[in-house]
Amino acid sequence: MSPDINPLVLFFASIFTSNILLANFLGMCSFISISKDMKSSNGLGLAVTVVLVLTSMLNWVILKYILIPLDLLYLRYIIFIIVIAATVQVLEMVIDRVSPALYMALGIFLPLITVNCAILGVALFMQIRNYSFIQTVFFAAGSGLGWWLAILALSAIQKKLLKAPVPAGLKGPGITLITIGFMAMAFIGFSGMLSVQ
Amino acid sequence: MADSPSKILKENIWYSNPVFIQILGICSTLAVTNNLINTVIMTVGLMFVTGFTNVTVSLLKNLIPRKVRMIVQTLIIAFYVIIVDILLRAYLPDVSKALGPYVGLIITNCIIMGRAEAFAQSNGPLLSFWDGITSGLGYMWVLMIIAFVRELLGFGTLFGMSVLPEGFTHWTIMVMAPSAFFLLGTFIWISKTIMLKNEGGRK
């Protein structure tokens, strides 16, 4: 059975206390390489949120009505990744048709998302923790927003860091990681308010 | 390009180490570094997947159309990850439970895809296997060091056995997520400094 958690609590918890990036280390790869630029960070954050919500709904339905009844749970990794890749592909085509302006802004980020661990991670968490459909939607939306918030905050900090005197060996990824560490500590400060795990 | 096996080993373990030079694939594994046993099992699993994915991609490289190669590679990776998952659940059920979703997340670990793209696409199967295994090794030793520090200071244990005296105050921060970022950042700092020094010496 699904755990008895209010979806709203889940939503806020996945933004703040158990942020997908800062507490679960998911979606780091694109995070570190993109976060240098505020505009791209914003675009990627939006794209991740949209794809997360769409794919987690699809994956939930497939899991519940196809994989579990047919006892094919061991195929879930392949199925999830195919669903994610296909969703990204379709979304790319739809956006291209409907709004070329949005496509220009978002287009280059979409292929990156297929290999973003956060998307697959949310699908797997939702399966392991047995969330209901509503809980899954709120959890996915919260995780996406949390990721978006984290990447925006980091890119703003990075901008300031450009002017800071950083030792030669620490420049680049080193200082970025330590900054993420401080952000993670700040986010842990929220954990007194809500906790869901 | 690196060609001889020993050169590949050196490249993957130090000069272009996947973790601290290329900053690849930290997503799925950093999360389990608060415990040495889990880290070892996770990285061995990753090594297995990288090695065999490289062999498979290398054998199939002339058969896969270029346009769909990403999705084919992902499917190959997913196939090996499922094998790892099933093996873990059969032989180490406790560890499998503790690792939770992170085993499945090996699929999206960028190292595997990166090695398949960069190396296996243009090299023979044996050499590709060696490249995959050594990349895994380069990954393993860095994460082992992080896990060593985190487990020692966070729980006072190593591989689950307690090594520090009774009165030792556990560093709660080491068990939590931020410490992994700090340690990895510091590690990158140290290794980069050593590398910069070596380069200065050579000039």
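A: The model is a predicted one. Two packed helices are described by the angle between their axes and the distance between the axes. Helix 3 of chain A and helix 4 of chain A are oblique to each other, because their axes cross at roughly 140 degrees and only angles over 145 count as roughly antiparallel. These axes come within 10 Å, and the crossing is right-handed.

Q: Which residues in helix 3 of chain A and helix 4 of chain A meet?
A: Helix 3 of chain A contributes residues including Val50(A), Leu54(A), Leu58(A) and Ile62(A), and helix 4 of chain A contributes Ile79(A), Phe80(A), Val83(A) and Leu91(A), among others. By class, this contact has 13 nonpolar, three polar and one charged residues.

Q: How are helix 4 of chain A and helix 4 of chain B oriented to each other?
A: They are roughly antiparallel. Their axes come within 8 Å and cross at roughly 150 degrees, in a right-handed crossing. Among the residues in contact are Tyr77(A), Ile78(A) and Ile81(A) on one side and Leu75(B), Phe79(B) and Asp85(B) on the other. The contact divides into eleven nonpolar, one polar and three charged residues.

Q: What about the nonpolar cores, and which residues have the most contacts inside the largest one?
A: In soluble globular proteins, nonpolar side chains tend to be buried together. Here the largest nonpolar core has 97 residues, and those with the most contacts inside it are Phe31(A), Ile113(A), Trp147(A), Ile180(A) and Leu184(B). Leu184(B) touches Leu177(A) of the other chain as well as residues of chain B, including Val19(B), Leu30(B) and Ile146(B). A second, separate core has five residues, including Val166(A) and Leu170(A).

Notes:
Residues numbered from 1 in each chain as written. Chains lettered and ligands numbered in written order. Predicted model: local features only at pLDDT ≥ 70, side-chain atom pairs only at ≥ 80, totals over all residues. Heavy atoms only, no water. Axes fitted to C-alpha atoms, helices over the stretch in contact; angles between N-to-C directions. Helix = DSSP H or I, 4+ residues; strand = E, 2+ residues; numbered from the N terminus. Parallel < 35°, antiparallel > 145°, perpendicular 65-115°, else oblique. Left-handed = near helix turned anticlockwise from the far one by under 90°. Contact = heavy atoms within 4.5 Å. Nonpolar A, V, L, I, M, F, W, Y, C, P; charged D, E, K, R; others polar. Core = buried A, V, L, I, M, F, W, Y, C linked by side-chain atoms within 4.5 Å. Buried < 20%, exposed > 50% of the residue type's maximum accessible area, 1.4 Å probe, protein only. Lists of a residue's contacts leave out its neighbours within four places in sequence.
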